[in-house]
Amino acid sequence: MAQEMHIVLKNRDKINPLDINDYLAAGGYQSLVKARGMAQEEVIEEVKNSGLRGRGGAGFNTGLKWSFSYNIKSDEKYVICNADEGEPGTYKDRIIFESDPHIVLEGMAICGHAIGSKKGYIYCRGEYPQVVDLLKKAISQAKEKGVLGDFDIEVRMGAGAYVCGEESALIESILGQRGEPRFKPPFPPVSGLNWKPSIVNNVETFANIPAIIHKGAQWFTGIGAKSYPGTKLLSLTGDVKNRVCIEVPTDTTIRDVIFHFGGGMRNNGQFKAVQIGGTSGGFIPESLLDTPIDFDSMRKIGATLGTGAVFVMDQSRDIVDVVTRISKFFEHESCGKCNPCREGVFRCHEIMKKINKGLATEEDLEKIQLLCLVMEQTCLCGCGQAAPSPILTTLKHFQEEYEQKLLPA
Amino acid sequence: MVTVTINGQQYQVPEDVTILEACRMNNIDLPTFCYDDDLKLAGSCRMCVVESPGRPLLIAACVTPVFDGLTIETESPAVIRARKTILELLIARHKMECHVCEKNGDCRLQDYCYRYGVAESRFTDGGMLHFPIEDPNPFIERDYDKCIMCTRCVRACEEITVAQAIGVKDRGHHAQISTAFNGKLEDSPCVFCGQCVMVCPVGALTSKVSAAYHGRPSDVDKRVLTTCSYCGTGCTLELNVKDNKVVGVTSNRDENFSPVNKGALCVKGRFGWDFINSSDRLTTPLIKENGEFRPASWEEALNFAAQGLKKIKEEKGADSIAVFTSARITNEENYLAQKLARAALGTNNVDHCARL
């Protein structure tokens with residue numbers, strides 16, 4: 001039977017997160033010492049060879065990303081930790097920080113050494129004030145001990161905008177501008193904060209780095225799925241017995257996640273659907289539950305791994321109603337910069353409301369489908385491109401639920 | 001140079017241009033709302049999207065650099081579907097009153113709806129938001145029920161005028177162009193230069209001075225390129241003439257025609273032209289006799305003034321006269337005025353309004 005595997009959460013419940021001595025006693029900051037003894041290219045090569053891919057949702061090879069910043073000559077470079085964790089149902093980054101904040105600081109400092117940066121930022125979501133306090137304490141302890149050397153880390157707080165989890169909007173927000181995504185290229189590793197090379201990685205991505213440097217790329221590639229090695233933190237919510245955060249190898253199937261680690265359905269309910277990756281993730285029906293959770297396998301079935309949120313629904317849930325609520329979320333969170341997202345998410349919500357109230361016709365279904373396809377193809381950033389996913393995947397897998405709500409022809 | 005294939009035809013283009021620039025160099029027109037040659041790129045209207053085989057997403061041409069071997073289609077079915085849908089989304093929030101709109105006939109939204117045959121929107125569920133018009137300033141009409149959120153006005157205000165009077169407030173569908181705290185323009189750093197009006201592609205920002213149905217841009221008989229007479233800077237502007245009357249001022253942004261200001265004007269040049277047809281305007285010199293003004297010829301008036309000055313100089317001395325000149329005339333004319341004072345009148349009492 002599948003087992004949890006702890007790389008990121010190896011110190012969970014074993015150390016006091018507020019005491020750096022505990023982390024040091026558990027071998028903490030040894031990887032940073034090791035990395036600093038290596039050439040920059042060597043560190044990048046090691047991370048690249050490990051196959052570690054971004055854990056925030058886009059799944060880009062981390063070492064490759066670092067190499068872009070490393071290759072640019074610049075007086076300033078930045079390491080930014082994306083702790084905005086705005087996807088509803090995702091709480092893994094909070095768990096990482098609350099169990100072991102230093103593992104992330106260490107990962108950031110290793111990245112700093114690799115690309116040649118002396119300055120790091122942690123952009124933490126505004127809804128986590130206790131995490132901000134904890135991080136500030138951890139940073140001051142690390143500075144006191146001198147383990148970070150000349151690498152400085154500052155915590156910045158978000159103000160509740162979902163889109164600020166998108167890396168370029170996050171950078172704009174750090175700069176004190178409106179939290180709106182930039183067009184790309186240039187990508188942040190080339191031109192990010194203050195238009196200097198900036199690496200934006202997710203909390204979980206940085207938390208994987210110390211172990212990769214310590215145990216080597218080869219060890220890491222042997223874990224989980226081949227094209228997306230390592231473990232993934234998943235946060236379980238909804239109609240599942242164990243609503244917990246787990247860390248499992250990436251070749252674990254969705255079925256195991258829900259029925260083994262999640263303990264199955266709550267209140268003896270019958271499984272209906274699971275949405276993985278956050279609000280913009282696709283809905284997955286029972287027939288696809290044997291898919292492994294890794295990035296590429298999920299993409300193959302038209303879903304996403306995303307942030308690793310696992311939102312389970314039983315037969316009592318009305319899919320159309322759930323999707324209507326999700327579309328309201330996107331209407332609220334669109335930044336308003338690009339036309340198809342600003343207007344599209346609003347109209348999607350309005351049409352979903354109409355369908356949900358039983359006032360829609362077949363024509364409305366065609367209309368929303370067209371709108372969603374155009375949004376996917378034309379929106380400026382990932383938010384608008386992914387917002388239609390819950391609508392499109394439920395129209396595909398749960399079409400009869402929509403049809404039941406249509407006005408009689 | 002790199003080779004790109006646009007609509008099946010190969011072109012050689014410089015390697016540092018965007019797809020939009022490459023298309024324009026080769027007379028391939030792409031529709032744009034947010035793009036402006038003089039402003040920072042926004043990449044937000046998504047009207048210029050093009051299709052590249054093998055790429056699942058459409059590409060915004062205005063912000064994407066070309067590369068060797070790039071292949072694109074600028075009017076493929078997917079591109080047209082996207083543009084039509086975006087237009088439908090925009091007209092669903094746009095107050096459609098073209099028949100009384102100042103921009104009728106000179107409106108990008110109208111042009112592109114015509115080009116793609118978009119007569120009405122299917123995306124009307126939820127109605128449209130209404131933004132009240134409350135700004136009492138005498139120059140700029142701001143009707144955000146017609147705004148398409150291209151943000152060209154915000155960028156022009158920041159980058160051309162450097163006033164930063166306006167920005168975007170709120171987000172999503174509620175986003176709106178606004179001054180700080182949504183106050184009045186006159187309480188903001190706005191200097192009423194009207195660069196925002198100049199760049200607005202639709203009827204959201206128009207001139208209150210040329211409004212009231214004097215004549216829309218599309219109605220004018222001719223545009224007379226001339227030099228602003230307000231100061232010595234020498235900005236080029238265009239007098240919009242209809243039925244032999246000036247009905248508005250626009251600016252020409254082509255630096256070949258407008259080398260000094262490249263289309264930018266100040267409040268006086270852009271909005272202070274209604275004196276031209278005013279019945280109060282003096283069109284001939286007047287001489288005051290027995291407490292009453294009477295019309296005179298230029299020759300008579302100049303002689304009258306010269307005699308008066310001569311008389312004062314003889315009776316009270318040259319230094320009883322002072323010459324005070326204006327910034328409305330050119331440097332050369334100011335030079336001549338001081339020469340007149342020193343050489344002809346014989347006084348050094350010369351001053352200029354710009355010194356005060």
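Which domains does the domain assignment of chain A give? In this predicted model, the assignment divides chain A into domain 1, covering residues 20-221, domain 2, covering 231-314, and domain 3, covering 319-405.

Taken as a whole, chain A contains 18 helices and 9 strands. Its radius of gyration is 21 Å, close to the 22 Å that the globule rule gives for 409 residues, so chain A is as compact as a globular protein of that length. Along the principal axes, the C-alpha trace of chain A spans about 70 × 45 × 35 Å. Of the 409 residues in chain A, 62% are buried, and among the contacts in this chain between residues at least 6 apart in sequence, 72% join residues at least 24 apart. The accessible surface of chain A comes to about 15,100 Å², and carbon and sulfur atoms account for 50% of that area. As for charge, chain A carries 47 positive and 51 negative side chains, with the centres of the two sets lying 2 Å apart.

Most peptide bonds are trans, and most residues other than glycine have a negative phi. Against that background, the peptide bond from K184(A) to P185(A) is cis, with omega near 0 degrees, and a cis peptide bond also joins P185(A) and P186(A), where omega is about 5 degrees. P185(A) lies in the loop between α8, which covers residues 167-174, and β4, which covers 198-202, of chain A, and P186(A) is likewise placed in the loop between α8 and β4.

Is E85(A), whose relative accessibility is 6%, buried or exposed? At that value E85(A) counts as buried, because the cut-off for a buried residue is under 20% relative accessible area. E85(A) is located in the loop between β1 (78-83) and α5 (92-99) of chain A.

A further loop position in chain A is T279(A), which sits between β7 (271-276) and β8 (283-285). T279(A) is buried, with a relative accessible area of 6%. Leaving aside residues up to four places away in sequence, T279(A) touches E87(A), P88(A), I326(A), F329(A), F330(A) and P390(A). From T279(A) to N202(A), 77 residues apart along the chain, the C-alpha atoms are separated by 18 Å.

Turning to chain B, the domain assignment gives domain 1 (2-91), domain 2 (133-208), domain 3 (213-280) and domain 4 (286-355). The centres of domain 2 of chain B and domain 4 of chain B, taken over C-alpha atoms, are separated by 44 Å. In this chain K262(B) has a positive phi of about 45 degrees although it is not a glycine, and K262(B) is found in the loop between β12 (245-250) and α6 (267-271).

Definitions and conventions: Residues are numbered from 1 along each chain as its sequence is written. Chains are lettered from A and ligands numbered from 1 in the order in which they are written. This is a predicted model: local features need pLDDT of at least 70, side-chain atom pairs count only at pLDDT 80 or more; totals for chains, interfaces and linings use all residues. Side-chain values use heavy atoms; hydrogens and water are left out. Helices (H or I, at least four residues) and strands (E, at least two) are DSSP runs, numbered from the N terminus. Buried means under 20% relative accessible area, exposed over 50%, partly exposed in between (1.4 Å probe, protein chains only). Domain bounds come from an automatic or database domain assignment. Contact means heavy atoms within 4.5 Å. The radius of gyration is taken over C-alpha atoms; the globule rule is 2.2 Å times the number of residues to the power 0.38. Accessible areas come from the Shrake-Rupley method with a 1.4 Å probe; for residues, only the protein chains shown count as cover. Lys and Arg count as positive and Asp and Glu as negative; His and the chain ends are not counted. The place of a charge is taken as NZ of Lys, CZ of Arg, CG of Asp or CD of Glu.
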